[in-house]
Amino acid sequence: QVQLVESGGGLVQPGGSLRLSCVASGSIFSINAMGWYRQAPGAQRELVAGITSEGTTNYADSVKGRFPISRGNTSNMVYLQMNGLKPEDTAVYYCVAGTSRGSTWHFNYWGQGTQVTVSS
């Protein structure tokens, strides 16, 4: 099992920035990809960004160029730098972990989520 703990959510004005962090523990040898999903009120969960242990990334079109994803110096940390935030970015953001093989990503571990609210 892999446990994920997120931090860094909060309230920010439109155009502002936030940085989300996630640390994984447990059987981290079983994963080679981490990322972030989000779920807005009344909407389905959607992949925001993912990154493999080799550095391959995958982004939702809505956040490309605004939300760079990165990994820490150790393989069990991932960050999401959110810039140019818009009200439509308001959601609960979940850290995820799993595996990536070619173009297939499978995230089977989820954190508890952190709220991001973009409002003036």
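Q: Which backbone nitrogen does the side chain of Thr90 reach?
A: In this predicted model, the Thr90 side chain reaches the backbone nitrogen of Val118, at a distance of 2.9 Å.

Q: What about a backbone oxygen, which one lies 2.9 Å from a polar atom of that side chain?
A: The backbone oxygen of Pro87.

Q: Where does Thr90 lie, in a strand or in a loop?
A: Thr90 is part of the loop that runs between strand 8 (77-82) and strand 9 (91-101).

Q: And leaving aside neighbours within four places in sequence, what is Thr90 in contact with?
A: Ala40 and Pro41, and also Gln115, Val116, Thr117 and Val118.

Q: Switching to charges. How many salt bridges does a search of the whole structure find?
A: Four. One of them is between the side chains of Arg38 and Asp89, at 3.0 Å from N to O.

Q: How many residues apart are Arg38 and Asp89?
A: They are 51 residues apart, so the pair links distant parts of the chain. Arg38 sits in strand 4 (residues 33-39), while Asp89 sits in the loop between strand 8 and strand 9.

Q: Is Arg38 buried or exposed?
A: Buried: its relative accessible area is 6%, and buried means under 20%.

Q: And Asp89, buried or exposed?
A: Asp89 also counts as buried, at 1% relative accessibility.

Q: Arg66, buried or exposed?
A: Arg66 counts as buried, with 14% relative accessibility.

Q: Which residues do salt bridges with shared partners join into one network?
A: Arg38, Glu46, Arg66 and Asp89.

Q: What does Lys64 form a salt bridge with?
A: Asp61, with the closest N and O atoms 3.2 Å apart.

Q: Is Asp61 buried or exposed?
A: Exposed, at 64% relative accessibility; the cut-off for exposed is over 50%.

Q: Over how many bridges do strand 1 and strand 3 pair?
A: Strand 1 pairs with strand 3 (residues 18-26) over six bridges, in the antiparallel sense.

Q: Which residue in strand 3 does Ser7 stand opposite?
A: Ser7 stands opposite Ser21.

Q: Last one, Ser103. Where is it found, and is it buried or exposed?
A: Ser103 is found in the loop between strand 9 and strand 10 (104-110). Ser103 is exposed, with a relative accessible area of 71%.

Q: How many residues apart in sequence are Ser103 and Leu85, and what is that in space?
A: In sequence Ser103 and Leu85 are 18 residues apart; in space they are 28 Å apart, C-alpha to C-alpha.

Technical notes: Residues are numbered from 1 along each chain as its sequence is written. This is a predicted model: local features need pLDDT of at least 70, side-chain atom pairs count only at pLDDT 80 or more; totals for chains, interfaces and linings use all residues. Side-chain values use heavy atoms; hydrogens and water are left out. Helices (H or I, at least four residues) and strands (E, at least two) are DSSP runs, numbered from the N terminus. A polar contact is a pair of N or O atoms within 3.5 Å; within protein, one must be able to donate a hydrogen and the other to accept it, and residues adjacent in sequence count only if both atoms are side-chain atoms. Contact means heavy atoms within 4.5 Å. Buried means under 20% relative accessible area, exposed over 50%, partly exposed in between (1.4 Å probe, protein chains only). Two strands pair if DSSP finds at least two bridges between them.
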